[in-house]
Amino acid sequence: MFRCLRWLVSLSLLLPGLTAMQQLPPGCTSLAFDGQDDFVLVPHDPDLVSSTFTVAAWMRTTQRSGFATIVAVGEDSRNDVAGWWLYVDSAGRFGFAYEEAPRTLPRWLDSGQVVADDHWHHVGVSGTPGSGFALWVDGVRAADFPTYPPIVSSVNQVLSIGCMFGFDGPAQPQPPDHFFTGRIDEVTYWNRRLSAGEFATLALGTPPTTSPNLVARWALDEGQGQVVIDSVGGRIGQLGAQPLVDPADPVWRSFPVDEPAVQQVRPGMPANPSALRGDPLGGPVIGGLWEPSVDHSSFARDAVGDALVVGGAMSNLPVPGLGTVLVAPASSVVLGPVVPGVPFSVGVPDDCALVGAVLFAQAAALIPGGLALTNGLDLRIGTP
Ligand SMILES: [Ca+2]
Ligand SMILES: [Ca+2]
Ligand SMILES: [Ca+2]
């Protein structure tokens with residue numbers, strides 16, 4: 001119990017240094033859209049049509065047909081002007097469209113970046129009058145359109161996720177169209193431009209909870225039910241066409257299905273004895289116990305104790321007389337010691353932010369007069 005408590009504290013200290021095999025949105029759940037009729041609808045709010053703005057979202061799709069809407073404020077039912085539209089085009093590239101005046105053709109801004117590869121991507125657009133637009137993919141500035149005029153702020157269309165309302169002008173009623181196939185998460189809106197550093201941080205999966213000028217954020221972490229709530233402004237979005245369950249509801253999905261736990265042996269160069277044995281029940285999972293042990297049958301038979309080192313960065317540093325250090329000391333915490341041969345009992349916090357994170361572990365046997373190092377284990381935290 002004491003060791004578990006100690007681990008909980010230590011792991012939270014490690015969090016800033018964690019790396020992920022594939023970047024994921026923060027939080028536990030996202031919404032899956034069927035590409036047929038699914039959408040989320042948020043009532044119109046003029047604060048979501050600012051001429052100086054950033055809008056961003058996480059998305060994952062394989063769709064390469066039509067113009068798959070990630071999030072949009074479509075064409076106005078009153079003055080025939082479209083707001084803004086983030087989409088994936090028929091070549092699988094991320095793009096942005098808008099109109100700057102009534103009865104003009106939309107302006108199509110192509111990021112040039114293919115995102116329809118069944119991996120999560122963070123996409124965003126910033127705009128400012130006089131400075132045009134910048135498109136961002138995975139924290140990198142993908143395209144600039146500095147001479148383009150700004151969007152029109154007087155648009156009164158709803159905000160929609162997973163489809164477009166008002167693609168064809170002001171006639172009413174207008175059915176939703178340009179549906180998205182795949183998953184969407186973390187739809188977020190600011191009334192300022194974000195810096196390169198801010199986009200890079202967001203693309204690492206960092207939640208933007210304290211970001212200045214954040215106007216709206218749908219984290220889509222409700223995980224169930226018919227509404228999604230903007231944690232900044234309280235704007236409530238509805239799943240599908242009806243307040244109750246209906247065919248246009250997207251489906252709640254959790255990340256665990258994509259993120260199995262992994263424990264992978266790394267012997268180092270030169271190789272240490274392969275003595276740190278992973279948990280026979282599997283790799284570390286959120287909310288669970290991970291119980292590796294040191295096998296002394298051919299290694300440090302006279303050990304008087306074992307210690308486990310866990311870190312957020314790997315190492316491969318030969319140390320004469322000791323072995324190869326496989327976890328970067330600066331990123332590490334030491335857990336234990338335990339009686340030789342007794343499994344370490346490591347409690348993993350029930351925190352979805354940990355899913356997909358990669359840790360590095362190595363054990364040391366405490367022998368009379370010193371230490372003996374084991375192999376490393378590279379760990380990806382998954383879910384039960
Ligand atoms: Ca989410
Ligand atoms: Ca519904
Ligand atoms: Ca449907």
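**Figure 1. Strands β5 and β6 pair in the antiparallel sense.** Six bridges join strand β5 (residues 68-75) to strand β6 (residues 82-88). Helices (H or I, at least four residues) and strands (E, at least two) are DSSP runs, numbered from the N terminus. Ala72 has Trp85 of β6 as its bridge partner. The model is predicted: local features need pLDDT of at least 70, side-chain atom pairs count only at pLDDT 80 or more, and totals for chains, interfaces and linings use all residues. Residues are numbered from 1 along each chain as its sequence is written, and chains are lettered from A and ligands numbered from 1 in the order in which they are written.

**Figure 2. An open sheet contains eight strands.** The strand order is β8-β7-β6-β5-β12-β3-β16-β15, with antiparallel pairing; two strands pair if DSSP finds at least two bridges between them. At the edges are β8 (107-114) and β15 (227-229), each of which pairs on one side only. On average, neighbouring strands of this sheet are turned by 15 degrees against each other, direction ignored (axes are lines fitted to C-alpha atoms, and angles run from 0 to 180 degrees between N-to-C directions).

**Figure 3. The largest nonpolar core has 69 residues.** Such a core is a set of buried Ala, Val, Leu, Ile, Met, Phe, Trp, Tyr and Cys residues joined through C-beta atoms within 7 Å. A residue is buried if 20 or more other C-beta atoms lie within 10 Å of its own, exposed if 12 or fewer, and partly exposed in between, with C-beta atoms placed from the backbone. Ala57, Ile70, Trp85, Leu86 and Val123 touch the most other members. Not counting residues up to four places away in sequence, the residues that Ala57 touches include Ile70, Leu86, Val123 and Ile184 (contact: C-beta atoms, placed from the backbone, within 7 Å). Another core, of 36 residues, lies apart from it and includes Ala261, Phe299, Leu326 and Leu373.

**Figure 4. Helix α2 (residues 196-203) has buried and exposed residues.** Glu198, Phe199, Leu202 and Ala203 are its buried residues. Seen down the axis of α2, they fall within an arc of 135 degrees (the arc of the directions from the helix axis to the C-beta atoms), so they line one face of the helix. The buried residues of α2 pack against β4 (53-60), β9 (121-128) and β10 (132-137). Exposed Ala196 and Gly197 are on the face turned away from the buried side. Gly205, with a positive phi near 95 degrees, follows α2.

**Figure 5. Pro212 lies in the loop between α2 and β14 (214-218).** Pro212 is exposed, with 10 other C-beta atoms within 10 Å.

How values were computed:
Two residues are in contact if their C-beta atoms, placed from the backbone, lie within 7 Å.
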